[in-house]
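These are my notebook entries on one structure, written as I looked things up.

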Amino acid sequence: MKEILLVCIGSFFGGGARFLVSKALQSFVALSLPWGTMVVNVLGCFLIGLLSGWALNEQLSPTAKLVLVTGFCGGFTTFSTFMNENLLLSREGALLAAVLYTLGSMALGLIAVVLGYQIAK
């Protein structure tokens, strides 16, 4: 129960930070690209890499890892988690699995969004 609470706390702040960063960037950039989301995704990837590296080198406690990596980064952007999992698969030598995971997630995710829109009509 303690672990779930720690993740929820981190997710709360991560989700709020995502909203604030994305909205702030969108108000400054007039282009039609969703720059806020892109910056959040890239920043989230940097943060999860930094925090996971610290955790791997035992510079981040398991509790802090739960709050910051699973909670905050997960709430900030699941894209960072997705990319971190791909890196971990690649580092383990499971390159085919990483490629299949990436392509499968993208293809199935797009199909799921289209399906959702079709059902909502």
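Before sorting residues I wrote down the rule I use: a residue is buried under 20% relative accessible area, exposed over 50% and partly exposed in between, with a 1.4 Å probe and protein chains only. I am working on a predicted model, in which local features need pLDDT of at least 70 and side-chain atom pairs count only at pLDDT 80 or more, while totals for chains, interfaces and linings use all residues. Residues are numbered from 1 along each chain as its sequence is written, and side-chain values use heavy atoms, with hydrogens and water left out.

Entry 1, cysteines. I looked for disulfides (pairs of cysteine sulfur atoms within 2.5 Å), and the count came to zero. C8 is in no disulfide, since the nearest cysteine sulfur, that of C73, is 16 Å away. At 46% relative accessibility, C8 counts as partly exposed. C73 is likewise in no disulfide, its nearest cysteine sulfur being that of C45 at 9.1 Å, and C73 is buried, with a relative accessible area of 0%.

Helices are DSSP runs of H or I with at least four residues, and strands are runs of E with at least two, numbered from the N terminus. At the N-terminal end, T77 caps α4 with a side-chain oxygen 3.0 Å from the backbone nitrogen of F79. After α4 comes G93, whose phi is positive, near 85°.

Which residues of α4 are buried? They are S80, F82, N84 and N86, and they pack against α2 (35–56), α3 (62–76) and α5 (95–120). I followed S80, which is buried with a relative accessible area of 0%. Taking contact as heavy atoms within 4.5 Å, and leaving aside neighbours within four places in sequence, I found S80 in contact with G44, C45, I48 and C73.

The largest pocket has a volume of about 250 Å³; a pocket is an open set of points on a 1 Å grid where a 1.4 Å probe fits, with protein on both sides within 12 Å along at least five of seven lines, and lining residues have an atom within 4 Å of a point. Of the 14 lining residues, the closest to the centre are S52, G53, N84, L88 and R91. α2 gives the most to the lining, with seven residues.

Conventions: Polar contact = N/O pair within 3.5 Å; in protein donor to acceptor, adjacent residues only side chain to side chain. Points joined across faces, edges and corners; volume = space filled by probe spheres on them.
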